[in-house]
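Biologist: I have the sequence and the structure open side by side. Could you walk me through a few parts of it?

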Amino acid sequence: MSQLEVSWANTEGVLGVWVVTHSEALLAEAKRHFQGHRVREACVLAQDSNFLEEALPNLVVLDMALPNDGAMEWIPAIRSWAGERWIPIVLAGTRDSHDAMVRALSMGADDFLMLPLRAELLGAKIRGAQHAARLHAKLSETSRGLERHRQESEAELVLARNLIQHMIDLDGLADPVLEWCVMPSAKFSGDIFASTRHGEDRLYVFFADSSGHGLAAAISGLPVLQVFYAMAGKGVSVGEIAREMNAKLKDYLPVGRFLAALLICVDYRAEQVDAWNGGMPEGMFLVNGVPQPGELLKSRHIPLGIEDKDHFDASCSRFSWAGPARLLFVSDGLVEATGPFGQPFGYAILEEIARRNPSAGVVAPVLQALRAYLQGAAAQDDASIFGVTLD
């Protein structure tokens, strides 16, 4: 970069100006127009990093008559020094430099002045630069505030995720008779899985879907997890567990919030299942991969957190099995997931996959089929699936 003389005028801390020129006449004219301001002169800016850090301007007046096309070198250099800060670059030239000005404007310069400088026009440019500088400073502060808010929100989400994970007994979900998966529609899923055993022969499963999406939905079901683990650990019936959960949520949740829930207890010694379903989609009872007819796993109750305790219905469905069998449950976000042609995913694909995989896992094939059905589109709701092997 060629040797240049630069003047820096500071208007009482409000506006700093660089005048970049080799022309004594332009420099004298600029000093005259900036009369009354403290003027500091420097040599080659590229070799004076301390000066750059202390005196980045709010406005640059760039002489188009710099030798060797020097103005074109200064535009990217100024942008590089400024970093994220916006500094308006005003070109100073004659009518003969029209083509060069057009090229400089296309490279990132912001405005131009025709020489000789006119006091009223230069004053207008300075006032415009002052206004732009104030707006940019305000925008930068707003941007920094938004970034701080984003970081704080992310930290809160990490904390919430850790709390949720610690409240769910992941060891219980690692039971070899279980397979499950969830495709959340947001950073947090409103679908909740929990499982625990009472002794060796009785398995309790809790599968719930909170109203809404995201973090609010995810935390809505947390108050009942302790109820589930404590009461299931004592071998209490699923109906009574549901009754206690409903009372808890009735006290905790605001109006309009509720928890669709499914509770089952699998007694492997007696080969029977007790089920309480309040607002969850119908579960599938599969024997050798064939769905069995009946009303056993349909929702017979309203979701938890709505009914008062005096009217709560704790009655359950009970059924038995013999031979290879499994239970399959899904959230409404899975069966109602809408593909490109507006049709819901439904149960037919689930039944077909179950028939093709009578003795193998079905969760992975179902999720693969769902992704193919959506053709890259996001699910509108949390899509979850839960399988329990009975034999």
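Biologist: What do S4, helix H3 and S5 make together?

Modeller: Keeping in mind that this is a predicted model, S4, helix H3 (residues 70-82) and S5 make a β-α-β unit, and that unit is right-handed.

Biologist: And how many bridges join S4 to S5?

Modeller: Four bridges join S4 to strand S5 (residues 89-93), with the two strands running parallel; one of the residues involved is Asp63, whose bridge partner in S5 is Ala92.

Biologist: Is S4 covered on one face or on both faces?

Modeller: Both faces are covered, with Leu59, Val61 and Asp63 buried on one side and Val60 and Leu62 buried on the other, and accordingly five of the five residues of strand S4 (residues 59-63) are buried.

Biologist: Switching to confidence, what pLDDT does the chain average?

Modeller: The chain averages a pLDDT of 79, and 80% of the residues score at least 70. Among the elements of the chain, strand S11 (residues 272-278) has the highest mean pLDDT, at 94, whereas strand S3 (residues 38-42) has the lowest, at 47.

Biologist: Which other stretch has pLDDT below 50?

Modeller: Over residues 10-14 the pLDDT is below 50, and in the model this stretch has eight contacts beyond near neighbours in sequence. The pLDDT also stays under 50 over residues 41-49, where the model has 20 contacts beyond four places in sequence. Where pLDDT is low, the predicted coordinates should not be read in detail.

Biologist: Next, Met284: buried or exposed?

Modeller: Met284 counts as buried because its relative accessibility is 7%, and this residue is found in strand S12 (residues 284-287).

Biologist: What does Met284 touch, leaving out residues up to four places away in sequence?

Modeller: Met284 touches Pro291, Leu297, Arg326, Leu327, Leu328, Tyr347, Leu350 and Glu351. As for Leu350, Met284 is 66 residues from it in sequence, while their C-alpha atoms are 9.3 Å apart in space.

Biologist: Last topic, cysteines. How many disulfides does the count come to?

Modeller: The count comes to zero disulfides. Cys265 is in no disulfide, the nearest cysteine sulfur being that of Cys316, 9.5 Å away.

Methods:
Residues are numbered from 1 along each chain as its sequence is written. This is a predicted model: local features need pLDDT of at least 70, side-chain atom pairs count only at pLDDT 80 or more; totals for chains, interfaces and linings use all residues. Side-chain values use heavy atoms; hydrogens and water are left out. Buried means under 20% relative accessible area, exposed over 50%, partly exposed in between (1.4 Å probe, protein chains only). Contact means heavy atoms within 4.5 Å. pLDDT is the predictor's confidence in each residue, from 0 to 100. Two strands pair if DSSP finds at least two bridges between them. A crossover is right-handed if, with the strands pointing away from the viewer, the path from the first strand over the helix to the second runs clockwise. A disulfide is a pair of cysteine sulfur atoms within 2.5 Å.
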